[in-house]
Every structure is written in C-alpha cells, then in structure tokens.
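Thanks for coming, everyone. Please have a look at the model on the screen, and then I will walk you through a few spots.

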Amino acid sequence: MRSTTLRAGTVAGASAFALLLLAATPAAAGGGSGGSGGSTVTTTADGGAGSLRAAVQAANAAGSGTVVLSPRTYRLALAGSDDTAAAGDLDVTGHLVVEGRGATVDAARLDRVFDVRPGASLTLRQVTVTGGVAPGQPSATGGASGGGILNAGTLAVERSTVTGNSAVRAGGGIEAIAGSTTTVTRSTLSHNATGPTPGNGGGLHLTGTGTVHVDRSHVVGNTAAAEGGGLWNSATGTMTVSGSTVSGNTARGPAADNGGGGLFNDGGRLTVERSEVRDNVADGAAGSGGGLLNDSGTLTVTRTVVDGNRAVRAGGGIEADTGTTTLERTTLTGNHTGANPGNGGGLHLTGAGTVRVDRGTVTGNSAANEGGGLWNSEPGTMTVTRTEVSGNTAPVGPDVFQDGAGRGFTLDGQRVPGEA
Ligand SMILES: [Ca+2]
Ligand SMILES: [Ca+2]
C-alpha cells in the first residue's frame, strides 16, 4: 500500500496546523483492519476537511492510522453523542496512534475527549487530554465515567498528560471497563475529579476484569468523592504501579470503608513497587487509608515510601481490611490519623485480615488515639519481621497497639499483648 508522509514545518511552531497522517490514499482507505487511513489535518477547527475529527474518522474507516499533531490546542466544538466520532468525544473504533508532539486536545466540557470502543486501540504520545466531562447515566459500561478517556479496548498513554477532566461516576481522568488493557507510561494524571455517584478513582478507575499498569508516572492532585483519589482497582482487576509517584490526591468518602486518598483496592490485586505514595488524604468523616486502602483484596507494596499521608478514622498511611496486605522493604513515615477515632498512624488493620511487614521502616507516624505506628484488630494477623518500628507517637501504644484479646500481632516472633 502506498503511504504518504506530509509533514508541515520542521520544529515546534514553525508551521501552523502541522498535522500529519501516515495514511493511505482515500481510494485505498476503508479496507478494514490492518489498513492505514485518515486524512491530513490542516486546521484546529473541529470537523470538516483537515480536522482532527476527520482524521480519526478516516482512521476508523481504514481500520488503523497514525495522526501527527503540532503543539497547538485542538478544541472540540461539535456537541452531540455518538460512537462514530461524528460529534462529541472522539470515538476510536480501529487502531489509532496519535503523535501529539505537544498538542492539547480539549473537549471544552462538551463531552469526554477520547472513547476507545471494544476491540479498538488508542496510543497517545505527547498529548495533553483536558477539559473532558463524562456524559450519560452512571453505568459499568462507561456512563458518566471517564472524563478524559473511556477505554473499553486497549489504551496506551505515553509521555502524555491527562489533566482537568471530570466524571460523576468514576474515572475522572481515565475509566477502564471490563475487558480492557490500560498502560500509562512516563505520563501524568493530574487534577482530575469524580463525584458523587459514587465518585471513585479521581485519576483512573477500573471497572470489572481488566489490567492497568502505571509505570514511571505521576498521579497528582486528583480528587474522588468517595474512594481512590488517585487510582481505584476493581474486585477482579489487576493493577500494577511501578516507579511512580502518587501524591497530593484526596478521597472524600465519609464511611469507614471509604478513603484511599492515593489508591483504593476494592478486592482485586494491586501491586505498588519502587514508588512513592506521599501527602494523600482521606478526609471524609470516617475516611480511612490516607495513602492506600486495601478492602478485602491482595495488596503488595514493595520498595516504596509511604510518607505524609493522612486519614480521619484510621490508617494514615495504609488501611487494610480482610484480605492480604504485604509490605516488603517499604517505609511508612510521617503518616497521621485523627481523631475519629484516630488509630493506626502508619498502618491499621480492620477485621480478620492478614498483614505482613518485612524489612521495612515504621517511624515518625502518629495517631490521635491508639497505635501511632501499627494497629492490629482483635481477629487480625499482623506479622512484622526485620523492621524498625520506632519514634511513632500516640496517647496509647505509641509504636504498636493490639486491640482487645487478639493474639495475632508479632514483632520478630514476640507477641504484642492485647488489652485483655
Ligand atoms: Ca462516544
Ligand atoms: Ca462521539
């Protein structure tokens, strides 16, 4: 197939409206999957010849395509709701690569920005996605979800920024639904918001069975009305966060199992490795897990610093519930709870869960009531080995606290006595 490369300008800003599509000729387009199609973008206008929207539609028709943008703002202006990219969000039904080169795609609050349909794929490189709001009624298939991007297929966000988007239900920045695969690499998810129906996953939310990998990225300043200010993982989801910073995010849910200012795991498998979880907040009336909340799932935190997070109820750094929480070579420091009731400044376990902490550091955390460092529930099992637990503060049990008659809390094999 003959391809053409139309590249206006040489460096950023040298040429207006440089957008290029590595594209088939129109006559060759429309050949189905495996083809390469689109049209040359020559304008930031939304719709019509030479527009980004027309290029997306052409790539959809051809089955695949690559669009190269210039460092300008492409603002959506055609209101309406469809899944063919004719109006509102830019629907991707084929395999599309957007080489942004510093471009911004702004939905101007008309709709979300990109909608990756089932079986489709979208790769964004050096694109800023902003100004999106998620339409429709809340649903697990994407209604009122994914303010910036809704992914029902395969999404790769590379060296890009998803900022200033919102959704009522979930995924202020990105919503990934069942059957999807999402990778965020060397990118930033910032200042996205969800709420209030129910309001989970300010930066990114996964519904149902899917895979999410956030790698060498920043998740910063996002807000959720209920759970997972930064990131939220589903009961059957697999989420891995590596080499990343999750900081300054807020979860506002008022219940004791709401919170997870940085990350919330709703029963699935969440792994955080070689990362920093800093200065996140669960500020609801009984909000828990300022940094992370593991609600009945499997949470593994390895070689990570959990620092300066706050929760109102419990688990300034980490709140664990039933399920398994494992910390390896991880530092909990400067985390705080208070004052409703204010237990477990570093880590708090509610219910009959299992927590293992190995080769870590638990220092300088504080609680308004009990267990400045670590707090174990009566039925809980908390096994701490080869870990420095010192310099934490609380009125009762400054470093460690075992609730009630529980016998499941050991520090290097020595049992921490309970109250009774
Ligand atoms: Ca759509
Ligand atoms: Ca649309």
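First, the ground rules. This is a predicted model, where local features need pLDDT of at least 70, side-chain atom pairs count only at pLDDT 80 or more, and totals for chains, interfaces and linings use all residues. Residues are numbered from 1 along each chain as its sequence is written, while chains are lettered from A and ligands numbered from 1 in the order in which they are written.

Now the sheet. Strands of a sheet pair through backbone hydrogen bonds, either parallel or antiparallel. Here we have an open sheet of 12 strands with parallel pairing. The order is β4-β6-β8-β12-β16-β20-β24-β28-β32-β36-β40-β43. Strands are DSSP runs of E, at least two residues, and helices are runs of H or I, at least four residues, numbered from the N terminus. Two strands pair if DSSP finds at least two bridges between them.

Which strands stand at the edges? They are β4 (90-92) and β43 (400-402). Each has a single partner strand, so one side of each is left without a neighbour in the sheet. Neighbouring strands are turned by 5° against each other on average, direction ignored. That angle uses axes fitted to C-alpha atoms, on a scale from 0 to 180 degrees between N-to-C directions.

Zoom in on one pair. β24 (residues 263-265) and β28 (residues 292-294) run parallel, over 3 bridges. Phe264 stands opposite Leu293 in β28.

Next, the helix. How many residues of α1 are buried? In α1 (residues 52-62), 11 of 11 are. Buried means 20 or more other C-beta atoms within 10 Å of the residue's own, exposed means 12 or fewer, and partly exposed is in between; C-beta atoms are placed from the backbone. Among the buried ones are Leu52, Arg53 and Asn60. Just after α1, Gly63 takes a positive phi of about 100°.

Positive phi turns up outside glycine too. Arg109 has phi near 65°. It sits in the loop between β5 (95-106) and β6 (114-116). Arg109 is exposed, because it has 12 other C-beta atoms within 10 Å. Asp412 has a positive phi of about 45°, in the loop between β44 (409-411) and β45 (414-415). With 10 C-beta neighbours inside 10 Å, Asp412 is exposed.

Last, cis peptide bonds. One runs from Thr197 to Pro198, with omega near -5°. Pro198 lies in the loop between β15 (193-194) and β16 (204-206). Another joins Gly338 and Ala339, with omega about 0°.
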